[in-house]
Amino acid sequence: TWQLWAIYMIFAAHLSEQQALKQACPSCDAAQLCNCSSMGLDFIPPGLTAKITVLNLAHNRIKHIQSQDLQQAVNLRALLLQSNNISSIDEDAFQSLVKLELLDLSNNSLAHLSPVWFGHLLSLQHLHLQGNFYRDLGESSPFSSLRNLSSLHLGNPRFSVIRQGNFEGIEILNKLWIDGRNLSQYEQGSLKLIQKINHVIIDIKSINVFSEIVRDLLYSVSWLEVREIKLAVETKSMVQNSTPPFRIQKLIFKDAFFTDQSISRMIVLLKEITSLKELVAIDCVLEGKGRWDTKEITSSGESSVETISIINIMIQNFHLFFDLYGMESQINKLKRLTIASSKVFMVPCRLAQHFSSLLYLDFNDNLLVNNRLNETICEDAWPSLETLNLSQNSLKSLKKTAKYVSRLLKLKNLDISQNNFGEIPDACVWPKYLKYLNLSSTQIPKVTTCIPSTLEVLDVSANNLKEFGLQLPLLKELYLTKNQLKTLPGAAPIPNLVTMSVRRNKLNSFSKEEFEGAQVGAVHLSLMECHRSLIVSLICVLVFVGILILVAVGYKYHAVWYLRMTWAWLQAKRKPKQAPPKDICYDAFVSYSENDSNWVENIMVRELEQACPPFRLCLHKRDFVPGKWIVDNIIDSIEKSHKTLFVLSEHFVQSEWCKYELDFSHFRLFDENNDAAILVLLEPIQSKAIPKRFCKLRKIMNTKTYLEWPTGEDQQQIFWENLKAALKS
């Protein structure tokens, strides 16, 4: 018998835990993915089982992770605990999570990291620890057992020390992100323990610590991204006694601050990293006018960098920036150059002529105009260029643009989209080998023989074209989206066409002649283009059904009433928060359920209104003005009453009438943070029974003393005395 009893108790406890889990997190019910984020939880819900593989507890108020919290979740693959208030974790809290692959503890309140936490997480691949309160990683490595770790995010604004041995046990990482904005102490060799890292991101302000970290990463990192650094003039070598071959190939500066002096020195120091092939600056600030130390830069030898990208650089007084005379010897090996969103309006001819190896040039979103383009693309400039992007500038003349670009003898790809040309000439001069031309969003009204016949790809989307009849024998791809075409281009003038996009035009029908001599392999047209009338009819039906659904839902949930009530509340907000004493007509407005009317009207009213001195009570049955809208009656009654008295009971919280009164009372009374509410509990009632949207009323029930109607007659006199005292206060 006792065995059956034990089995029953275990089964009952299990059911109880399952019910607790379902109540705390409804989405966890029999699901492998358990999303409990933003639920206001103070603890990890009980009842977690081996079925769950993903548990999301982010954005809650959890402070402590206990040993038993995750003990049964043995198949968990991802555990998301970011953005809580976690300050302590039991040492064996993660002991059973041997299959865990992702653990996110970021943005919590952890003041230290314990190696014991991660000791059993043998499958862990991604660990996020950034945004906590720890100042260091301890004396040893917290990650020594994480042999399968692929990405590691750590650090915070308080993080200030990295010690030797902190990364012991980690040999290979795909990504390492360190928030070291206030990192002031770095022990040399700390990151050398990691043999190979694909991508390192580090937020750092100290140039000295940055240099030390670079020296340790020379042989392990292929892509280094540095954020928020303020580059001072650094005198120490980046490599010191290290010898090539190095591994760093790409270096990104983001949100960095440069001066003319620091950028000159940095160019010299980066030349020592002979493996460096790509240099990127994003959202940076340059304080200076281009007065770089070209003598030191030139004497330091050639750079190994082949790709430079500068995106959204801020230069105060950019129009005074120097022409970088003396930098010619530093650019002749460059193959790809991007300067986008940086207010470039010209490149001096003598500088442009020294980009002898450049194949790709991107000047997207700048201030280039036709007159300056003559200088930027002068004779013999950019002699090897194959791809040029001049989109989103201020070019106005297509004829002049084509003329200047024709000087680029090897150019194959040209993007001049999003320039406001407005018109197109009948004839233009283009580079001899031009294969790709993008003229989209240029406001051209038609196409003419200005378009070169050598093209294989042409994009004239988003213009005002009404027809397309060009002879382009080599064309393979044609993009005509968002125009005014009513008929397709003829097939005969473009015999080699493979791809054509004609979405969002005014096509109504296709003729046989339009496909003469060409086989259509695949046509991709939208439903709107193929069945316009059907789609319009369907949309009308859906809109009509949607309106019916909205009306039905609004009727069911009293939406019109709530809208009118909200409008009345907004009107009431404009009135003074307290009525003048002369306008106070009642000692209290009484809010109660019709089911409790016998007690209110025959017991409470008699006791209070026949007292000495008598109290004046406002009851909706007796004192509301007939024919006046209910909300106006409620507003006027509350404003003309010294107090509002709620007679709470189970009937009260289930009554629609009382809900309406509570709605406005919640807005009017608790929004003003006054002390005009008196709660009378006619019968025991849980605060949870009150609708959740009345959060302040629920809070008052938990924090403020309320009056409870006693069953014994000897205590009822005390109740009346307390109620009268509350009404007088």
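The model is predicted, with local features needing pLDDT of at least 70 and side-chain atom pairs pLDDT 80 or more, while totals for chains, interfaces and linings use all residues. Residues are numbered from 1 along each chain as its sequence is written, and side-chain values use heavy atoms, without hydrogens and water.

**Exercise 1.** Work out which residue types line the largest pocket.

*Solution.* Start with the pocket itself, which holds about 1200 Å³ of space.

**Exercise 2.** Find out whether Asn60 is buried or exposed, and what its side chain meets.

*Solution.* First, check the cover: Asn60 has a relative accessible area of 6%, so it is buried (under 20%, with a 1.4 Å probe and protein chains only). Then look at the polar atoms of its side chain: one lies 2.9 Å from the backbone oxygen of Cys36, and the backbone oxygen of Leu57 is likewise 2.9 Å from a polar atom of the Asn60 side chain. Last, list who touches Asn60 (heavy atoms within 4.5 Å). Leaving aside residues up to four places away in sequence, the partners include Ser37, Met39, Leu41 and Asn84.

How values were computed. On a 1 Å grid over the protein atoms alone, a cavity is a set of points where a 1.4 Å probe fits but cannot get out, and a pocket is an open set with protein on both sides within 12 Å along at least five of seven lines; lining residues have an atom within 4 Å of a point. Grid points are joined across faces, edges and corners, and a volume is the space filled by probe spheres set on the points. Ala, Val, Leu, Ile, Met, Phe, Trp, Tyr, Cys and Pro count as nonpolar, Asp, Glu, Lys and Arg as charged, and the others, Gly among them, as polar. Buried means under 20% relative accessible area, exposed over 50%, partly exposed in between (1.4 Å probe, protein chains only). A polar contact is a pair of N or O atoms within 3.5 Å; within protein, one must be able to donate a hydrogen and the other to accept it, and residues adjacent in sequence count only if both atoms are side-chain atoms.
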